[in-house]
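The paragraphs below take each in turn.

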Amino acid sequence: MQHKNNSSRIITSLIASMVAISAMAQASGERPQLVIQIMVDQLRGDYIDILQDCFCESGFKRLADNSVCFENVDFNIDKVDLVSGTAMLVTGTYPRINGLSGERVYNTQKKLAQKILIDPSKMGNFTSENLSPKGLKSSTVSDELKIHNDGLGYVYSIAPDAQQAIILAGHAGNGAFWINDLNGKWSTSTFYSDVPQSITHRNYKNSLSSRIDTMSWSPMMDLIKYPDIPSHKKEYPFKYIFPVSRTDRFKNYKRTALVNEEVTSVAIEFLESLKMGTRGETDMLNIAYTLSPYNNNAGAGSVEIFDKYLRLDRQLSRLFDAINNTVGLDKTLVVLSSTGYFDENSPIDERYNIPTGEFNITKAKSLLNLYLMAVYGNAQWVDDYNDGYFYLNQKLIKEKELNLKEVRRNASSFLRRMSGIVEAYSIDEIIDNPSNENTRTIYNSLIASHVGDVIIKVMPGWSICHNDDTGYTQTKHIRASSISAPTYIMHPNVKAQKIDTPVDATLLAPTVSRLLRIRSPNAATGKPFILE
């Protein structure tokens, strides 16, 4: 038995030594000349599996054959969206630290939801939006690479969405560019100093506005060839156009597969015109694509969604070929990540008898206010509601010299008894109990300056109805969903493999930083994976 134990110790020591040697070899390898970081909004691993036989050899298949694939990246936050998911991946930390809990935050003074990266001190180029990375409270992989190169390496980002472009460029990037919803121009913020000639040329000589009315999106192959789609959904092909008469034509365009082609074209122009990756310093190009549903009828398992995947596959092939022809994939680190969620807001037909209900925010606010009036006196105690949070009249509570925690606790207790509410928490319950298993994901998402007083959870299958200031009723259908959110890392010194155990999203930034031999972002505390 003693001999067996000694043998086990020897084997364990040998394995540890081999891992250490592998790690040293990896760390001593030559730093990539070019970093391509790709964020794909709402990418689902299960759809990649379904469409494998339809992909070309040099897009998703090339990525899968030459990458470490983390098949199940877990974000561990309450609400993942384009902004919060992207921010976690590039900072290596949760929203409560990096400052970005979602695309929009509620302004209690103006009583409206606004973009989380709004910054009135900055102006826009080719846009009237005032945005900057000021709200991003920690450094990113892009920032750390720029700092490591003493500012000499290029860092650019290209995305359909403004806030995602800014997060990817970080605080130290040369430039962040996105498509303006109103005029179709490639826009940026005066926070960034560089506007490459290729962007200026495209805006003036080859603008989207001069081409969009000639474009259309329809299936790229016969409907019968799309796999795993019920036959009744293959009877009528879709076609979306963008006539000049539609003021929302650029917004609609950005929801189609065509926008990914535009992004790829701009990315290739950057690679070629700026000679990225060939200047002696490590350059970084951040690229964002979208696979979001076009509308409620073109959501999960639709021809439109699958067509987006197939067209993106061709764009990845274009991009990889361009990299190979300019820098060489053998000198490039490629990281492709899903933003970690799938936004499906389609209602279920009543004929299927799925239990449902309607949670009306206007009625809930009124009932909550009546309850607080009965307890504390006749007054307007409820200020507003936004995105799961009830906001109490804190000014009034202070004037009446009431205990704010107690009022919050009473409000959450009352809301908890309403039909359709799964749970309601006062903000104090969450902040004061960070290790509570039931509220940990909410705690990870909290930014104290942005949250309301009471957060509610509505039953899956129910709808939240809210009348906005214009009288329009907004309806959100609640559905719990968990998708396979993959990340691929393709590096010349890393062996292709699949890792199917769940991986915390905060570990990816330190892992990429280690491959680049730079510091991890300043708020990333997770240890990087040692990739062989």
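Helix H17 (508-516) gives the most to the lining of the largest cavity, with three residues; helices (H or I, at least four residues) and strands (E, at least two) are DSSP runs, numbered from the N terminus. The model is predicted, with local features requiring pLDDT of at least 70 and side-chain atom pairs pLDDT 80 or more, while totals for chains, interfaces and linings use all residues. Residues are numbered from 1 along each chain as its sequence is written, and side-chain values use heavy atoms, without hydrogens and water.

Strand E1 (34-41), helix H4 (82-91) and E13 likewise each supply at least two residues of this lining. Among the lining residues are Gln-37, Met-39, Leu-89, Val-335 and Leu-508. By class, eight are nonpolar, three polar and none charged (Ala, Val, Leu, Ile, Met, Phe, Trp, Tyr, Cys and Pro count as nonpolar, Asp, Glu, Lys and Arg as charged, the others, Gly among them, as polar). The volume of the largest cavity is about 60 Å³. On a 1 Å grid over the protein atoms alone, a cavity is a set of points where a 1.4 Å probe fits but cannot get out, whereas a pocket is an open set with protein on both sides within 12 Å along at least five of seven lines; lining residues have an atom within 4 Å of a point.

The second largest pocket holds about 750 Å³ of space. Of its 24 lining residues, His-232, Lys-233, Asn-296, Asn-297 and Ala-300 are the closest to its centre. This lining comprises 11 nonpolar, seven polar and six charged residues.

Key
Grid points are joined across faces, edges and corners, and a volume is the space filled by probe spheres set on the points.
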